[in-house]
Amino acid sequence: MATAYRSGWHFIDLATALPHSGDSLMVTVFGEPVVVTRDEDEDVRAYRCLRKPRGAPQPVRCAIRYGMIFVNLDQRDHRLAEPDVSDVRTISATPRSA
């Protein structure tokens, strides 16, 4: 049943929870640890923490809408429209639940 809900956007916290660059949150979404952080450019980014040894954090789609932080864990939705872009940026999109 959890697989059906993974494909949508999920509320994490308010954007005010990460007021300064370098601030981060550690949350669990459907049993997966996710780190949400604000980088030096004031962009909010999210990463899935892999439990495998030497596994690098995997970027997760992240959006801020109406002052709220949402993440999407679905691998199909995670692919970018432009495959040659290697850097994942904060995407401003309307969550499906809004």
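This note sets out numbered points on a predicted model of a single protein chain.

1. Confidence. The protein chain averages a pLDDT of 76, and 63% of the residues score at least 70. Over residues 77-84 the pLDDT falls below 50, and beyond near neighbours in sequence this stretch has 12 contacts in the model.

2. Overall architecture. The secondary structure of the protein chain amounts to 2 helices and 6 strands. Read from the N terminus, the order of the elements is α-β-β-β-β-β-β-α. Of the 98 residues, 36% count as buried. Among contacts with a separation of 6 or more, 43% are between residues 24 or more positions apart.

3. Nonpolar core. The largest nonpolar core has 15 residues, and those touching the most other members are Ile12, Val29, Val34, Val36, Ala46, Ile69 and Val71. Two or more residues of this core come from each of strand S2 (24-29), S3, S4, strand S5 (58-65) and strand S6 (68-72). The largest contribution is that of S2, with 3 residues. In soluble globular proteins, nonpolar side chains tend to be buried together.

4. Surroundings of Val71. Leaving out residues up to four places away in sequence, Val71 touches Gly8, Trp9, His10, Ile12, Val29, Ala46, Val60, Arg61 and Cys62. Ile12, Val29 and Ala46 are also listed with Val71 among the core residues that touch the most other members.

5. A search of the whole structure finds 3 salt bridges. One of them joins Arg48 to Glu32, with the closest N and O atoms 2.5 Å apart. This pair links distant parts of the chain, since Arg48 belongs to strand S4 (residues 44-48) and Glu32 to strand S3 (residues 32-38), 16 residues apart. Both Arg48 and Glu32 are buried. Side chains of opposite charge can pair when their charged atoms come close.

6. The other salt bridges. The side chains of Arg45 and Asp39 form a salt bridge at 2.7 Å, N to O. Arg45 and Asp39 are both buried. A salt bridge also joins Arg38 and Glu42, with an N to O distance of 3.9 Å. Is Arg38 buried or exposed? Its relative accessible area is 11%, so Arg38 counts as buried. Glu42, at 42% relative accessibility, counts as partly exposed. The 3.9 Å distance of Arg38 and Glu42 may be set against the cut-off, which requires the nitrogen to be within 4 Å of the carboxyl oxygen.

7. Aromatic pair. The search of the whole structure finds 1 aromatic pair. The ring centres of Phe11 and Phe70 are 6.0 Å apart and the planes lie at 65°, so the pair is edge-to-face. The assignment rests on the rule that planes over 60 degrees apart count as edge-to-face. Distant parts of the chain are linked here: Phe11 is in strand S1 (residues 9-14) and Phe70 in strand S6, 59 residues apart. With a relative accessibility of 42%, Phe11 counts as partly exposed, whereas Phe70, at 8%, counts as buried.

8. Tyr66 and Arg65. Tyr66 lies in the loop between S5 and S6. The phi of Tyr66 is near 55°, a positive value in a residue other than glycine. Most residues other than glycine have a negative phi. Why does Tyr66 count as exposed? The relative accessible area of Tyr66 is 65%, and the limit for the exposed class is over 50%. Arg65 lies over the face of Tyr66, at 4.8 Å from the ring centre.

9. Phe30. A positive phi of about 55° is also found for Phe30, although it is not a glycine. Phe30 is placed in the loop between S2 and S3. At 37% relative accessibility, Phe30 counts as partly exposed.

10. Leu50. Which loop holds Leu50? Leu50 is in the loop between S4 and S5. Its relative accessibility is 36%, so Leu50 counts as partly exposed. Apart from neighbours within four places in sequence, Leu50 is in contact with Ala56 and Gln58. The C-alpha atoms of Leu50 and Val34, 16 residues apart along the chain, are separated by 9.1 Å.

Technical notes:
Residues numbered from 1 in each chain as written. Predicted model: local features only at pLDDT ≥ 70, side-chain atom pairs only at ≥ 80, totals over all residues. Heavy atoms only, no water. pLDDT = per-residue confidence, 0-100. Contact = heavy atoms within 4.5 Å. Helix = DSSP H or I, 4+ residues; strand = E, 2+ residues; numbered from the N terminus. Buried < 20%, exposed > 50% of the residue type's maximum accessible area, 1.4 Å probe, protein only. Core = buried A, V, L, I, M, F, W, Y, C linked by side-chain atoms within 4.5 Å. Phe/Tyr/Trp six-rings, centres within 6.5 Å; stacked < 30°, edge-to-face > 60°. Lys NZ or Arg CZ within 6 Å of the ring centre and 35° of its normal.
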